[in-house]
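Here is a briefing on one protein chain. Look through the sequence and the model, then read the points below.

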Amino acid sequence: MSQAKTGDTVRINYVGTLNNGETFDSSEGRDPLEFVVGSGQIISGLDSAIPGMAVGDKKDVNVPCEQAYGQSNPDARQAVPREQIPAEIPAAVGTQLQMQTPQGQVVPVTVAEVTETEVTLDANHPLADQDLNFAIEVVGIDAA
């Protein structure tokens, strides 16, 4: 039976949970996640767990935050004057919005704090600072 190696296209079913047991993502009810091993298409801590696995293999993988979405960057938070947020855009804590950089790149942000005068937007990944756990099953391998 062939084992996954760098450069192979693999398909996995997975359930991703936080250390408190909360599920943050799952392939359940969707097509398996497909990616090329070692290509950087997925977080490094999960990618590095795939080589050596064969179709049908299951594994539980713990990915420390440094091999997932990293530590929060305080510089990725920005306070914006409240009047610069259009009235039709919700500014409640936890709301996910998109901003555009001067170069035209779209950046997802989350409303982190709201005062009468400012709205603080956070461009850190929502899973920054989190260790992640994955229950995975390899369901397909296409050799490179």
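Tyr-14 stands opposite Ile-136 in strand S9. S1 and S9 pair in the antiparallel sense over ten bridges; two strands pair if DSSP finds at least two bridges between them. Helices (H or I, at least four residues) and strands (E, at least two) are DSSP runs, numbered from the N terminus.

This is a predicted model, in which local features need pLDDT of at least 70 and side-chain atom pairs count only at pLDDT 80 or more, while totals for chains, interfaces and linings use all residues. Residues are numbered from 1 along each chain as its sequence is written, and side-chain values use heavy atoms, with hydrogens and water left out.

**Partners of S1**
- Asn-13 stands opposite Glu-137 in S9.
- S1 also pairs with strand S3 (residues 33-36), antiparallel, over four bridges. There, Thr-9 has Val-36 as its bridge partner.
- Three bridges join S1 to strand S2 (residues 23-26), again in the antiparallel sense. Gly-16 has Asp-25 of S2 as its bridge partner.
- The hairpin of S1 and S2 has four residues between the strands. In this hairpin, Gly-21 takes a positive phi near 95 degrees.

**S4 and S9**
- S4 and S9 are antiparallel and pair over six bridges.
- Lys-58 has Glu-137 of S9 as its bridge partner.

**Nonpolar cores**
- A nonpolar core is a set of buried Ala, Val, Leu, Ile, Met, Phe, Trp, Tyr and Cys residues joined through side-chain atoms within 4.5 Å. Buried means under 20% relative accessible area, exposed over 50%, and partly exposed in between (1.4 Å probe, protein chains only).
- The largest core has 22 residues. Ile-12, Ile-50, Leu-132, Phe-134 and Ile-136 have the most contacts inside it.
- Strands S1 (9-18), S4 (58-63) and S9 (132-142) each supply at least two residues of this core. S9 gives the largest share, five residues.
- A second, separate core has eight residues, including Val-80, Ile-85, Ala-91 and Val-111.
- Ile-50 is in contact (heavy atoms within 4.5 Å) with Ala-4, Val-10, Ile-12, Phe-35, Val-37 and Ile-136, leaving aside neighbours within four places in sequence.

**The four-stranded sheet**
- An open sheet of four strands runs in the order S5-S8-S7-S6, with antiparallel pairing.
- Strand S5 (77-81) and strand S6 (96-100) are the edge strands, and each pairs on one side only.
- The twist averages 45 degrees from one strand to the next. Axes are lines fitted to C-alpha atoms, for helices over the stretch in contact, and angles run from 0 to 180 degrees between N-to-C directions.
- Strand S7 (residues 106-114) and strand S8 (residues 118-122) are joined by four bridges. Thr-110 stands opposite Asp-122 in S8.

**Residues to look at**
- Asp-47 lies in helix H1 (residues 44-47). Asp-47 is buried yet has no salt bridge, that is, a side-chain nitrogen of Lys or Arg within 4 Å of a carboxyl oxygen of Asp or Glu.
- The nearest side chain of opposite charge to Asp-47 is Lys-59, 11 Å away. Lys and Arg count as positive and Asp and Glu as negative; His and the chain ends are not counted.
- Ser-48 sits in the loop between H1 and S4. Ser-48 is exposed, with a relative accessible area of 55%.
- Asp-129 is in the loop between S8 and S9. Its phi is near 75 degrees, a positive value in a residue other than glycine. Most residues other than glycine have a negative phi.
- Asp-129 is partly exposed, at 40% relative accessible area.
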